[in-house]
Amino acid sequence: MKRLFLVVSIAASLVGCAYRDPYQSLQQSSLARVASYATSVKAALENETPQQVMEKGKKAIADSLKDPSSAQFRNVRLVEYLDGVVVCGDVNGKNSYGGYVGFTNFVSGTSSGTMRSTDSDKYAEITIVANTGIDRACSGKPYSPSSTEIRT
C-alpha cells in the first residue's frame, strides 16, 4: 500500500511539473512574429525613408485583405519595439459583400503583417493572448530617426 501511494505521489508530481499554460505557445508566437517585423523594418530604414517603409507596411496589410485596393488607412506610424521598429496603424477594408467592415489595428513589417483578432465574444481569452504582440509593439515609443539617419 505504501508503495502504491509512493508511485501515485511521484506520478502526480511529474504531471504537475509538465503543466504548461495552454496559451503560452500562442503568446510566444504572437511576440515572435512581431519581433520579426521589427527586424525587417529596422533593416529597411537603413536604405529607405520612414515614409517608404510605412508604405511597404501598408501594402503588406492591404495585400492580406479581400479587396486590397479598397484599403483605407489612418494613424499609420513607426514605433520602436525591442531592438527594431514596427509599422502600426488602423486599416479598414471591404468584406465579401462589398461593405466596409470598420477600422481595426494592425502591426506590420515590410512584407507581412498582422491585424487585430476580433473574435472576442466567443473566444475572449484566446483573442487577448493572440493580440499580445500588437498590443505590446504598438503601445511603444514613437520612432524618430536620429540626425545621422535622416535621408534627403
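Leaving out residues up to four places away in sequence, Gln72 touches Asp90, Val91, Asn92, Tyr100 and Phe103, where contact means heavy atoms within 4.5 Å. The structure is a predicted model, in which local features need pLDDT of at least 70 and side-chain atom pairs count only at pLDDT 80 or more, while totals for chains, interfaces and linings use all residues. Residues are numbered from 1 along each chain as its sequence is written, and side-chain values use heavy atoms, with hydrogens and water left out.

**Overall fold**

- The chain has five helices and four strands, these being DSSP runs numbered from the N terminus, with helices (H or I) of at least four residues and strands (E) of at least two.
- Along the sequence these elements follow the pattern α-α-α-β-β-β-β-α-α.
- Of the 152 residues of the chain, 32% count as buried, a class that means under 20% relative accessible area, with exposed over 50% and partly exposed in between (1.4 Å probe, protein chains only).
- Among the contacts in the chain with a separation of 6 or more, 59% come from residues 24 or more positions apart.

- Gln72 lies in strand E1 and is partly exposed, with a relative accessible area of 32%.
- The C-alpha atoms of Gln72 and Val91 are 5.6 Å apart in space, although the two residues are 19 residues apart in sequence.
- Arg74 lies over the face of Phe103, at 4.0 Å from the ring centre; a charge sits over a ring if NZ of Lys or CZ of Arg is within 6 Å of the ring centre and within 35 degrees of the ring normal.
- Asn75 also lies in strand E1, and has a positive phi of about 55° although it is not a glycine.

**The aromatic pair**

- The structure holds one aromatic pair.
- The rings of Phe73 and Phe106 have their centres 5.7 Å apart and their planes at 80°, so the pair is edge-to-face; rings of Phe, Tyr and Trp (its six-membered ring) pair if their centres lie within 6.5 Å, and planes under 30 degrees apart count as stacked, over 60 as edge-to-face and the rest as tilted.
- The pair links distant parts of the chain, since Phe73 belongs to strand E1 (residues 72-81) and Phe106 to strand E3 (residues 104-108), 33 residues apart.
- Phe73 is partly exposed, with a relative accessible area of 24%, whereas Phe106, at 0% relative accessibility, counts as buried.

**The largest pocket**

- The largest pocket has a volume of about 220 Å³; on a 1 Å grid over the protein atoms alone, a pocket is an open set of points where a 1.4 Å probe fits, with protein on both sides within 12 Å along at least five of seven lines, and a volume is the space filled by probe spheres set on the points, which are joined across faces, edges and corners.
- Of the 14 residues that line this pocket, Leu65, Gly93, Lys94, Val101 and Met115 are the closest to its centre, lining residues being those with an atom within 4 Å of a point.

**Two loop residues**

- Leu82, in the loop between E1 and strand E2 (84-92), has a positive phi of about 55° although it is not a glycine, and is exposed, with a relative accessible area of 63%.
- Asn131 lies in the loop between helix H4 (124-130) and helix H5 (132-138) and, at 5% relative accessibility, counts as buried.
- Leaving aside neighbours within four places in sequence, Asn131 is in contact with Ser30, Arg116 and Ser117.
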